[in-house]
Amino acid sequence: MKGWQMPPQNAFERTALWKRTLAVQKNDVAADERAMLRAAYLQFRSAVEPLANEIAVSMPMFTDHSIHHIDALWDTASLVCGNEFPLNPAEAFILGGAFLMHDLGMGLVAYPDGVETIKVDPLYEDLLKLARTRLEEEYRTTGPDVEALATDETVTALLRRRHAKQAERLLDEVFTVPGGTTFHLLQDAELRQSFGQLIGRIAHSHWWGVDELAEAFGQKKGAPPHLPSDWSVDPLKVACVLRLADAAHIDSRRAPTFVHAFRKPPGLSGEHWYFQQRLTRPLVREDRLEYTSTHDFRPDEASAWWLAYETIHMIDGELRRVDSLCADLGRPRFQAKSVAGADSPLRLAAYIPTTGWRPMDARLRASQVNNLVSTLGGKQLYGDEPVAALRELIANACDATKARLVAHGGSDAVVTVRLDQRDDGWWLTVIDRGIGMDATTLTTALTDFGRSLWKSNAILEAYPSLLTNGFEPTGRFGIGFFSIFMIADQVRVASLKYFDSPQNTHILDFAAGLHSRPLLRVAEPEERIQHGGTVVSARLRLAPDDRDGLLWRHHRDSVSQALHSCLLELCALAEVDIEMVGPARHDPMLLVRANDWKHLSLEELFDRVYQRHTFYTGHWMGLEEARHIFIRTASDVVSEAGHVVGRAAILIGGRSDHASTPFGLRYLTPGRVYVGGFRAANLWDTIGVFQGFPTKADRSSAFPVASPAELQRWCRRQADRRREEMSDLAFEALEITDVVQSFGTPLGSMPCALLGDEALSQSAVESWARRFDTILLIDKSDISIYSAPDGRVSYFSPYSGNRLTLPDNAVVFTLRPAWVYPSEVIDGPTSALLPPDGMEEPKLLTFWRFGSCVGSSAAVLEGIAAAWGVRVEDVILSSRQLDSVEEQDRRIELPYVEEDGGMKLEAFSVSRTDCMTFQAAHRNEKAPHP
C-alpha cells in the first residue's frame, strides 16, 4: 500500500520524544539526514545491547541497567521534557547515544582486560584495604572468605565509581570479534567524528554535580556540515535531559519481579529492588511527576518505603536544581519541575500508600549541631582531661605529615607546638609541614563532625595508594579536631596544599568558637604558608597553669617546664619529630625524634614516659624502685614481622611497706599504651610502653597492637626472667602467674596456689589434696599477703592489719583470674573442663563457668579432682559456698596470730565424700536402663 510504513519494532520508537525527533516525519525536507541519524542510532543500539546486558553479570545485586533501562529512558525523558521542549534530531541523536553509553562502564566487559583493569586502578588497593578492615571487624575473622568478599566489594565500588568516566572512553575503543574483524560501537565514522566525544562527555556528566554542567557545557555548538544548519546542539540542554531521565526512572521496569526472585539481592540493594518493582510509570500533572504503587507497604516493608521516599526526595531535588539552572542561564525549562509528595512522608503516602503504620519522619537528627559538637567533641567524650585536646591536634598534624611523606617524600617531618602569652591571652599553636588542605577540604571534611578526612573520597582521589603505601592514620573517627573547643574560645586554621602556591593559603576562622558560623577567607600576605601544611591556633579559655587549665596536672614549676614534661610523656612514641617553642624560649627545641623510643636506653625511655616531677615527692621512692625493675627486666614485644611494638616488663614485686606506694607499684607506674605515638591508656600489671589501637572514639581506651600470640611470647620470656630472681618468694611467684594467665598464656608448671610459705603447681596441689577429705578454697583477693625477704609468707586482715593463721586444709588462689583483652580482640575465656551449658543448670555451675574455672583456678580444681579421682564438675557441684545470707552466717573465721579474735571471710568448701556422691549419681545417669 502506497505510503505505508513498517510499524516501530521497539518500545522506545513509540515514545513522544522519539516520534518528534528521529521518527519518520510527514513532508520532511530533511528526511535523508533524519533517516541517516535514525539508522546510525539503531546500529549503535544493536552494538551496545550485549554490553549493557552484561552489566548484570558484574553487578547482579543492582537494579536493571540493561538495554531495557536504556530504552525506557526515552519514555521517562518524554515525561520530564513535555511536548513543547525544543530538541532537534541532532540533539536527540546525541541524547540517545548518551542513553546508550552512560552506564556501560558498570560491566567488566567494558574494560579491555576485565577485572585486571580494575585491579590496577590507583584506588584499588586503598579501597580493598578499607573493605578488608571493615569486614574483619564485622565478622571478627580473617581468611580467604573475607578476602573474597572484600575483593568483590572493591571491584563493585570501583565499577560504580569509574563507570561514568569509562563511558566517555568507550566510543573510541576498537572491539574485535572472533576471526579478527574490528568494529566501533558507533560504526558511522562521520557521526563518530562529529558527535562521539560529546556523547561520551555527556554520558560521563550524569555523575557530576549540577553546578559542573554549566561550566562544562555552557557553549552551544553549530551543526556539522552534513546536517541542516538549524540542527545546532546545546550540550547543556542534552546533559540535563539525560540527568533527569536517568534519575527519574525508578519504576518496575528497573526491577522485574521474576528477576528479583532469582537474584535475591541482599541488604540495601534488595530494598531498592523491592520498592521499585511496586512503582508504576510516573504521571505528569501540570509541572509535577507523580509516582504511584501497585500495592500498599506493610510495617515489615517500611524500610523499602522509606528508601522510596529518600529516592523520590532525591529526584525532586534534581528537578528543582536543574530548573533553577535552566532559568538562570536562559535555557528551555522542563515540564516536570518537582515530584508530588517529595517534601512530606505523609503526603507521599497518598500516592504510595502504607497499611498498618503511618510514615512519620522520625529519623535521628541534630537540630543543635554546635551543642552536639561541643558536647560529644569535648568534655563528655574526653572527660576532665584538657590535655586530650592537645593530643588530638598533634595527632592530626602528625597524620598530615605522614601522609605527605608517603605521597610526596621529603625530610622535614616535624610538628611544632608553640605556647605563648599575647595581649589577648594565652595561645596554643600546632604547626605541621603536612599534606595541607584546600578551601573545599577545609569547609567539608574538616568541619563534618564524625567524618574522617582520611576515609573521604576527596583524599582517596587526590592521593591514590596512600593507604597501601604504608600510611596509617591515627585519626579514625572524624571528631578529634573538635576537642580543641574544650579549652579554646577562638580557633583559627590556616592551610595550604603541599606544592600549591602560597597565595592559595586559606584560613577558616572560628572567631566565637562553636557559637557562630566559621568564616573562610584567603590569607593575608603575612599569614601565608610558604611550603604547604597547616597551622592551628587556639586562644585558651584558661591560663595553662590555672586549675582545670591545659597543663595544671603537669604544673610543678614553670609553664615551659610543664609543657616540656607534658609533651614528652604525651608524645613518647611519636612517629614524626616533635618540637616545642615555649613561653621561656623562642627557638624550637627538639623533644622527640620519630620512632626513637625503639632505640633509646631503658633508662632514657623510662624517664621520658614517667616524668619524675609529675609525681608527688612522697612517691619518688616507689618511682625509683619501679625504674630499677624496668631497667633490669624489660624486654621487647616483637611482632611476627619482626617489628618492635612494645618495650615493657611485668610489674610485680616491690616492697609493700613503702609508705610512698600505698596501692603498690602497679598503680603508681602502669604500662602505657600509645595510639599513633600518643599516650592513650594504661595496661595494668605492666610497666613500659606498647603501641596500641583505640577501642573507643576518644582513644581513652586502647589496647596493644601486638596479637595475643605475640603478647603471650613476651609474657613467657618475662615470667622466666622474673621467676629466676624471685624463686624464693612464693607470693611474688603467684603474682607472676596471675599476670601471665591474664594474657591467656598457658600455665604449664607455673604455680597456681599458695599454701603457707609455698607456691604450688597443679601437680603439687594434687599431692597435697590427697591428705585431706575436706578442703577450703580462699580467694587471694580477700586477704592481704606479704612476702618477707627471707621468703616467709604472712597473711593479714585487710581491715585490721592483724596477721592471720590459715588452717592446714586451706589453699589460697585467684578465684576469678583477670583477663586483659577487650572483647574487640578476644572474648573472655570459658572453661573447657565443664559440660556445655544448658538452659537450666545449678547456679553454682554457672558461677564457676563464667570466669572462675580457667587459668590458676582451673588448675587448682583439676589438682583436687585428680587427687580424689573425680571429675572437675563433681568438685564444683559438691562445693559449698560459705557466705553470709540473711540471718545465716556460714563464713569461716581465720584466727589472729598475736591476739584474740579473728577475721571472718567467705570461702568455698569441697568434700571428698560429696564429690564421690555426685560422681556416683553421674554414673547412674549414664547406666543403661534394665
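1. The accessible surface of the protein chain comes to about 42,600 Å². Carbon and sulfur atoms account for 50% of that surface. Keep in mind throughout that this is a predicted model.

2. Now the overall make-up. The protein chain has 930 residues, and 53% of them are buried. Its secondary structure consists of 31 helices and 32 strands.

3. Aromatic rings come next. The count of aromatic pairs is 25. Take Trp18 and Tyr41, whose ring centres lie 5.6 Å apart. Their planes meet at 55 degrees; over 60 would count as edge-to-face and under 30 as stacked, so this pair is tilted. The pair links distant parts of the chain, with Trp18 in helix H1 (residues 16-19) and Tyr41 in helix H2 (residues 31-53), 23 residues apart. Both Trp18 and Tyr41 are buried.

4. A second pair joins Phe606 and Phe630. The ring centres are 5.9 Å apart and the planes stand at 40 degrees, so this pair is tilted. Here too distant parts of the chain are linked: Phe606 belongs to helix H22 (residues 602-609) and Phe630 to helix H23 (residues 620-633), 24 residues apart. Phe606 is buried, as is Phe630.

5. Ring pairs also build a cluster. Its members are Phe690, Phe703, Trp714, Phe743, Trp819 and Tyr821. One of them, Trp714, is a buried residue of helix H25.

6. H25 covers residues 708-725, 18 residues in total. From first C-alpha to last, H25 reaches 26 Å, close to the 26 Å expected at 1.5 Å a residue. Its buried residues are Pro708, Glu710, Leu711, Gln712, Trp714, Cys715, Gln718, Ala719 and Arg722. What covers them? The cover includes helices H23 and H26 (730-742). Strands contribute as well, among them S14 (635-638), S15 (644-650), S18 (686-694) and S19 (702-704).

7. Two arginines sit over aromatic rings. The charged end of Arg278 lies over the ring of Phe297, 5.0 Å from the ring centre. Arg612 places its charged end over the ring of Trp620, 4.1 Å from the centre.

8. Arg45 sits in helix H2, the helix that also holds Tyr41. Is Arg45 buried or exposed? Its relative accessible area is 9%, and buried means under 20%, so Arg45 is buried. Leaving aside neighbours within four places in sequence, Arg45 is in contact with Asn10, Phe12, Ile67, Asp71 and Leu100.

9. An open sheet of 3 strands runs in the order S3-S4-S5, with mixed pairing. Strands S3 (283-285) and S5 (338-339) are the edges; each pairs on one side only. Strand S4 (residues 288-290) pairs with S5 in the parallel sense, over 2 bridges. Within this arrangement, Arg288 stands opposite Ser338 in S5.

10. Gly410 lies in the loop between helix H18 (387-408) and strand S6 (414-422). Its relative accessibility is 59%, and exposed means over 50%, so Gly410 counts as exposed. Not counting residues up to four places away in sequence, Gly410 touches Arg404 and Leu405.

11. Strands S6 and S7 run antiparallel, joined by 8 bridges. The hairpin between S6 and S7 passes through 2 residues. Strand S7 (residues 425-432) is mostly covered: 8 of its 8 residues are buried. S7 also pairs with strand S11 (residues 533-540), in the antiparallel sense and over 6 bridges. Asp432 has Thr534 in S11 as its bridge partner.

12. Finally, Arg422. This residue is in strand S6. Its bridge partner in S7 is Gly425. What is the relative accessible area of Arg422? The value is 33%, and Arg422 is partly exposed. Apart from neighbours within four places in sequence, Arg422 is in contact with Trp427 and Thr429. Arg539 is 117 residues away from Arg422 in sequence, yet the two are 9.5 Å apart in space, C-alpha to C-alpha.

How values were computed. Residues are numbered from 1 along each chain as its sequence is written. This is a predicted model: local features need pLDDT of at least 70, side-chain atom pairs count only at pLDDT 80 or more; totals for chains, interfaces and linings use all residues. Side-chain values use heavy atoms; hydrogens and water are left out. Rings of Phe, Tyr and Trp (its six-membered ring) pair if their centres lie within 6.5 Å; planes under 30 degrees apart count as stacked, over 60 as edge-to-face and the rest as tilted. Helices (H or I, at least four residues) and strands (E, at least two) are DSSP runs, numbered from the N terminus. Buried means under 20% relative accessible area, exposed over 50%, partly exposed in between (1.4 Å probe, protein chains only). A charge sits over a ring if NZ of Lys or CZ of Arg is within 6 Å of the ring centre and within 35 degrees of the ring normal. Two strands pair if DSSP finds at least two bridges between them. Contact means heavy atoms within 4.5 Å. Accessible areas come from the Shrake-Rupley method with a 1.4 Å probe; for residues, only the protein chains shown count as cover. The expected span of a helix is 1.5 Å times one less than its number of residues.
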